[in-house]
There are 6 protein chains.
Amino acid sequence: MGGIVRQSIDRAAPDIIQALGQAGVATVHEALGRTGLMASSMRPIQQDLSIAGSAVTISAPPGDNWMIHVAIEQLNEGDIMVLAPTAPCDMGYFGDLLATSAMARGCRALIIDAGVRDTRDLRAMGFAVWSTAISAQGTVKETVGSVNIPIVCAGAAVAPGDIVVADDDGVCIVPRERAATTMEAAQRRLDAEEGKRQRLQNGELGLDIYQMRERLEAKGLKYE
Amino acid sequence: MGGIVRQSIDRAAPDIIQALGQAGVATVHEALGRTGLMASSMRPIQQDLSIAGSAVTISAPPGDNWMIHVAIEQLNEGDIMVLAPTAPCDMGYFGDLLATSAMARGCRALIIDAGVRDTRDLRAMGFAVWSTAISAQGTVKETVGSVNIPIVCAGAAVAPGDIVVADDDGVCIVPRERAATTMEAAQRRLDAEEGKRQRLQNGELGLDIYQMRERLEAKGLKYE
Amino acid sequence: MGGIVRQSIDRAAPDIIQALGQAGVATVHEALGRTGLMASSMRPIQQDLSIAGSAVTISAPPGDNWMIHVAIEQLNEGDIMVLAPTAPCDMGYFGDLLATSAMARGCRALIIDAGVRDTRDLRAMGFAVWSTAISAQGTVKETVGSVNIPIVCAGAAVAPGDIVVADDDGVCIVPRERAATTMEAAQRRLDAEEGKRQRLQNGELGLDIYQMRERLEAKGLKYE
Amino acid sequence: MGGIVRQSIDRAAPDIIQALGQAGVATVHEALGRTGLMASSMRPIQQDLSIAGSAVTISAPPGDNWMIHVAIEQLNEGDIMVLAPTAPCDMGYFGDLLATSAMARGCRALIIDAGVRDTRDLRAMGFAVWSTAISAQGTVKETVGSVNIPIVCAGAAVAPGDIVVADDDGVCIVPRERAATTMEAAQRRLDAEEGKRQRLQNGELGLDIYQMRERLEAKGLKYE
Amino acid sequence: MGGIVRQSIDRAAPDIIQALGQAGVATVHEALGRTGLMASSMRPIQQDLSIAGSAVTISAPPGDNWMIHVAIEQLNEGDIMVLAPTAPCDMGYFGDLLATSAMARGCRALIIDAGVRDTRDLRAMGFAVWSTAISAQGTVKETVGSVNIPIVCAGAAVAPGDIVVADDDGVCIVPRERAATTMEAAQRRLDAEEGKRQRLQNGELGLDIYQMRERLEAKGLKYE
Amino acid sequence: MGGIVRQSIDRAAPDIIQALGQAGVATVHEALGRTGLMASSMRPIQQDLSIAGSAVTISAPPGDNWMIHVAIEQLNEGDIMVLAPTAPCDMGYFGDLLATSAMARGCRALIIDAGVRDTRDLRAMGFAVWSTAISAQGTVKETVGSVNIPIVCAGAAVAPGDIVVADDDGVCIVPRERAATTMEAAQRRLDAEEGKRQRLQNGELGLDIYQMRERLEAKGLKYE
């Protein structure tokens with residue numbers, strides 16, 4: 001059972017990727033019709049960082065990090081590696097040496113449904129990670145997997161070149177062909193929120209702004 | 001099945017609430033006879049903050065945050081919202097817009113046995129949260145629940161007006177009618193600890209301060 | 001069923017202990033042939049700290065912290081307490097008063113397969129903790145356990161005097177008699193990594209540095 | 001901190017208790033307005049059994065089963081013991097000797113937010129158990145708790161004399177004063193279901209029986 | 001955000017579906033190159049049953065079972081419903097009335113990454129279920145989802161018409177277009193196993209049958 | 001890093017092993033001073049079976065079942081294999097072919113802190129398993145481990161030749177050199193229980209048999 005490396009993938013326009021990163025996970029997830037979100041077990045090792053990039057996907061056997069070396073050769077500036085093991089595994093696939101190599105290729109982040117190690121060094125280097133575990137447990141390089149094939153990572157489907165948006169709330173995947181329309185929907189949402197934020201800050205209630213009182217009464221809500 | 005909103009609740013005296021917040025969760029929990037503690041899955045999204053306030057309780061259907069809008073109208077300065085879903089749910093009920101509205105009413109914190117989102121913004125705004133999940137997953141506004149009824153949140157019973165004490169160790173609930181006596185017990189405990197802390201700092205052993213040696217021997221402890 | 005306290009234990013040389021702490025958990029775990037690692041549920045309450053010390057082991061009944069008082073008398077400068085309950089338990093065995101007493105004896109850290117409390121105070125005091133839970137729930141002093149007997153803590157075997165290495169990646173236990181050889185292997189690893197780090201930073205690929213291309217092809221990896 | 005034993009509690013009428021047991025957990029939970037359900041971690045050790053009885057509540061320290069002996073003296077024919085530890089604990093509080101004693105008093109079941117042991121013997125004896133763990137780990141008899149006080153068990157509030165309904169789906173608690181009205185609502189539900197079951201068996205669709213087609217279209221559902 | 005119902009889907013040939021069910025999950029998963037397996041949290045409510053059928057997929061909002069009614073109209077004889085909620089949810093989406101309706105349409109099983117109820121009745125009716133939870137907690141019918149779109153269920157990608165294979169080991173999904181080749185690979189595997197089973201039963205060792213001794217020695221295995 | 005296979009291990013006397021199996025896990029665990037118990041996540045795949053045997057231990061890399069083939073050659077009549085992966089792993093290490101081979105060597109059970117598959121076949125063959133997961137996910141044969149070295153399995157230390165006692169309550173390990181004295185203590189316990197069981201069946205209370213009333217009163221228990 002050999003693996004496959006797709007060497008040529010399409011990516012979205014850099015300005016749209018950057019804008020999605022600034023919009024953040026909650027807004028992008030809403031703009032996508034509430035799809036694309038990874039499981040809440042996917043957590044950042046750093047705090048207060050919001051980022052976006054093109055997915056270079058990795059399907060790796062449990063406890064085997066060989067394919068990360070293969071994937072690094074495929075990285076472009078601004079890419080984010082997304083790794084899903086083919087069976088549940090919380091071993092430490094990735095540490096400071098691999099991060100050094102990935103950063104030399106212009107990659108700044110890893111999303112992994114498994115463990116990482118050297119987390120203190122990774123924070124110091126400015127390499128961002130979202131993972132489902134932290135573990136010093138080492139891996140082997142014995143079995144091949146694949147790079148840039150469609151994968152399922154922490155419950156979300158990811159195709160190579162999809163846009164990864166990640167912040168303190170988690171990770172959301174935007175299909176590449178929907179990047180522009182998603183960003184438009186996100187921007188409309190951000191614009192609408194700005195006006196509401198001002199009114200809420202002034203003490204107006206959501207009950208009035210969104211005209212909820214009549215519908216609540218119709219549903220049987222009683223005030224005592 | 002309509003819900004209920006109790007508009008008038010009793011609250012404890014502000015100076016006692018503030019003193020309980022300064023005493024902290026571990027001390028208050030002891031002063032209460034080791035009751036009132038929420039499950040250890042209830043974790044803060046910020047660090048090194050200790051707080052107390054009067055509970056405005058929310059019973060909400062799973063995945064439905066409509067009642068938070070209703071609860072915000074019931075908030076007084078210094079209140080803390082406490083939300084329990086009626087079935088297990090880790091969706092993101094609460095984000096920066098709702099926090100803006102709650103802060104405009106004088107509320108500074110939320111305790112929720114479910115998820116929140118926009119966590120980076122919430123920390124930047126100074127709105128404190130203890131939750132059992134972080135998730136960008138959105139909720140609906142379709143079904144009514146209740147505000148200011150007794151609830152069970154993360155394993156602890158909470159009545160409206162009870163005092164919520166929360167810090168890095170978790171969340172403890174003080175029944176309103178026991179607030180003053182609990183604070184007295186907490187103060188006695190703090191006073192007693194201060195003397196012990198000094199002696200322990202000087203190198204005296206708990207074995208001697210608490211006269212444990214004889215009882216340990218009676219229980220069969222052997223030194224080799 | 002009385003317990004036992006071994007009062008005299010052997011410790012490794014201080015300079016080797018210190019060197020292991022600087023090497024860090026991931027490197028030491030590799031140098032040990034990938035053994036000795038505690039479960040990934042063992043997490044620090046502070047960030048960006050790397051430490052090592054000699055283990056003073058504690059076997060304690062669930063929900064009973066009496067033996068910590070007994071263990072504190074056995075502490076030497078530089079020791080680390082390692083506590084395993086005899087049944088799963090996430091109660092708060094340890095807080096700021098016990099930390100004050102332990103620090104007066106020269107101890108700077110606790111590893112515990114259970115809960116701790118007063119975590120904010122512990123961070124402020126500079127007392128380091130790795131635990132599997134945070135909980136304000138109090139414990140009793142009713143049943144004796146043992147101090148300085150071999151224990152299993154979070155899945156790792158620990159003998160008294162073994163070296164505890166702990167950082168953001170978790171906790172690893174080095175058997176005392178293997179301390180020197182483990183540190184030699186760790187140093188060789190650190191030296192080898194330094195050269196590789198430089199080459200990776202310059203953009204060389206692991207595929208070339210480690211001569212992986214031929215073996216990948218033999219295993220059936222295909223490039224498209 | 002001594003405990004309390006309430007020796008006299010009110011119970012619901014036996015025929016209503018029996019009828020609730022026959023209705024089963026899902027129906028009773030609906031009849032109660034979807035409240036009173038314990039967490040889904042509460043699982044039976046036997047299969048295909050449906051039961052109901054009056055709650056004799058036990059609040060016990062973690063790892064201490066002394067209060068079960070005290071509770072057994074308070075049992076009447078048809079009672080069910082409901083035990084909540086005061087801190088999370090999965091030790092084995094209960095085995096075949098305690099079951100022998102409880103059965104001699106007319107008790108046929110235990111609901112426990114902790115562990116039990118001798119599960120094979122308990123099944124052979126016909127003593128029913130719903131628990132959150134199975135563990136041979138023994139407990140002590142050192143600290144008093146309380147019997148027949150209000151408790152929170154696996155997330156549900158239980159008062160002494162409340163009706164416990166338990167089957168393969170879990171455990172639901174019916175407040176004693178609402179037993180009769182709940183059973184009436186349950187019966188109406190059962191009667192209504194019977195007619196629907198017949199129509200569904202004949203191949204009619206819920207879409208038509210409940211007239212859902214128009215509302216689905218209004219909500220935007222499209223058929224392709 | 002309306003939903004979609006695809007009314008016409010392609011299915012694999014019945015004899016191949018039946019053969020896959022007889023081969024069982026472990027064999028089919030191997031024949032697929034070790035892909036398609038759902039997470040091990042997906043467990044059967046019955047024992048010793050092996051089954052296969054064509055997937056009718058359901059994407060449903062958390063806590064909302066409306067789409068199951070819609071899906072039932074789309075069922076053919078031999079289909080299996082596969083439901084994934086759009087956010088984690090362990091509520092009871094499905095019980096005996098829905099099972100009655102589905103069976104009237106020729107459906108015999110449900111795969112659901114959420115909860116079910118009436119489990120005793122479902123076993124008695126012969127309706128098979130694999131779920132990630134058992135819960136009596138009721139759901140609503142307020143928000144539309146989709147039927148027969150591609151979904152991710154318990155970590156596996158499922159397209160409508162794919163073959164679902166389920167037994168005591170879990171659930172595996174065979175892409176429809178690979179059904180025939182997968183069954184051929186499974187049959188080769190079953191044939192090869194039969195010869196090996198005979199030799200192993202006679203006491204021959206895998207070490208000799210698979211000629212492992214030389215390779216083990218080359219990897220450094222030492223006998224003492 | 002090669003592995004080691006110890007070919008000659010000492011075993012306890014067959015009649016003592018058999019007697020420990022009949023005494024069962026809860027009794028043996030008590031007789032051992034409440035030590036040796038595996039974590040409660042270790043569960044049987046069959047019901048109502050109690051068994052004991054000599055441990056043949058296996059330390060295996062995560063996701064690699066090669067060492068089971070090596071271990072089978074080391075099995076004697078009545079042995080039980082005990083496998084601990086060197087990192088957490090829930091893949092399916094073991095199925096019906098390996099069971100066929102192990103049974104041909106006289107082995108009747110496996111204890112594994114990982115997954116198994118073909119569970120229906122294993123039950124039909126009469127091969128007993130206690131595992132922490134059920135999963136069809138396949139493993140590789142790439143990396144060597146060790147056989148008959150001391151391991152930690154599900155939190156319990158196991159040396160080769162130790163006695164494994166397993167039933168519906170879990171798994172307990174008796175150190176070989178303590179087998180006889182443990183069985184004596186277990187027998188005393190069984191004898192004492194028999195008399196108590198009779199008295200309890202007759203309706204006598206534990207409160208009286210164990211003379212608890214005075215001590216409960218001294219601890220402050222109040223009857224109302």
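Predicted model: local features only at pLDDT ≥ 70, side-chain atom pairs only at ≥ 80, totals over all residues.
Me: Among contacts in chain A between residues at least 6 apart in sequence, what percentage join residues at least 24 apart?

Reply: Residues are numbered from 1 along each chain as its sequence is written, and chains are lettered from A and ligands numbered from 1 in the order in which they are written. A contact means heavy atoms within 4.5 Å. Among contacts in chain A between residues at least 6 apart in sequence, the share that joins residues at least 24 apart is 75%.

Me: How many helices and strands are there in chain A?

Reply: Helices (H or I, at least four residues) and strands (E, at least two) are DSSP runs, numbered from the N terminus. The C-alpha trace that carries them spans about 65 × 40 × 35 Å along its principal axes in chain A. The count for chain A is eight helices and twelve strands.

Me: What percentage of the residues in chain A are buried?

Reply: Buried means under 20% relative accessible area, exposed means over 50%, and partly exposed lies in between (1.4 Å probe, protein chains only). Chain A has 224 residues, and the buried part of them is 61%.

Me: How far apart are the mean positions of the positive and negative charges of chain A?

Reply: Lys and Arg count as positive and Asp and Glu as negative, with His and the chain ends not counted. Each charge is placed at NZ of Lys, CZ of Arg, CG of Asp or CD of Glu. Chain A has 21 positive and 28 negative charges, and their mean positions are separated by 3 Å.

Me: Which residue of chain E forms a salt bridge with D:Arg215?

Reply: A salt bridge is a side-chain nitrogen of Lys or Arg within 4 Å of a carboxyl oxygen of Asp or Glu. The closest N and O atoms of this pair are 3.2 Å apart, and the pair crosses between chains, from helix 8 (residues 213–218) of chain D to the loop between strand 6 (128–134) and strand 7 (146–147) of chain E.

Me: How are F:Arg197 and F:Glu194 separated along helix 6 of chain F?

Reply: These two form a salt bridge, with their closest N and O atoms 2.8 Å apart. F:Arg197 is buried at 18% relative accessible area, whereas F:Glu194 is partly exposed at 43%. Because they are three residues apart in helix 6 (residues 179–201), their separation is about one helical turn.

Me: Which residues of chain B join the salt-bridge network that includes A:Arg197?

Reply: Salt bridges that share partners make one network, and its members from chain A are A:Glu30, A:Arg34, A:Arg189, A:Glu193, A:Glu194 and A:Arg197. Its members from chain B are B:Asp96 and B:Arg117.

Me: Why is helix 4 of chain E largely enclosed by the rest of the structure, and which helix of chain D do its buried residues pack against?

Reply: Helix 4 (residues 96–104) of chain E is largely enclosed because seven of its nine residues are buried. Those buried residues are E:Asp96, E:Leu97, E:Leu98, E:Ala99, E:Thr100, E:Ser101 and E:Ala102. Within chain E they pack against helix 3 (66–72), strand 4 (79–85) and helix 5 (119–125), and in chain D against helix 6 (179–201).

Me: Which residues of other chains does F:Asp90 touch?

Reply: F:Asp90 lies in the loop between strand 4 (79–85) and helix 4 (96–104) of chain F. Its C-alpha is 4.7 Å from that of F:Gly115, 25 residues away along the chain. Not counting residues up to four places away in sequence, F:Asp90 touches F:Ala114, F:Gly115, F:Ala133 and F:Ser135 in chain F, and from other chains A:Pro88 and E:Ser40.

Definitions and conventions. Heavy atoms only, no water.
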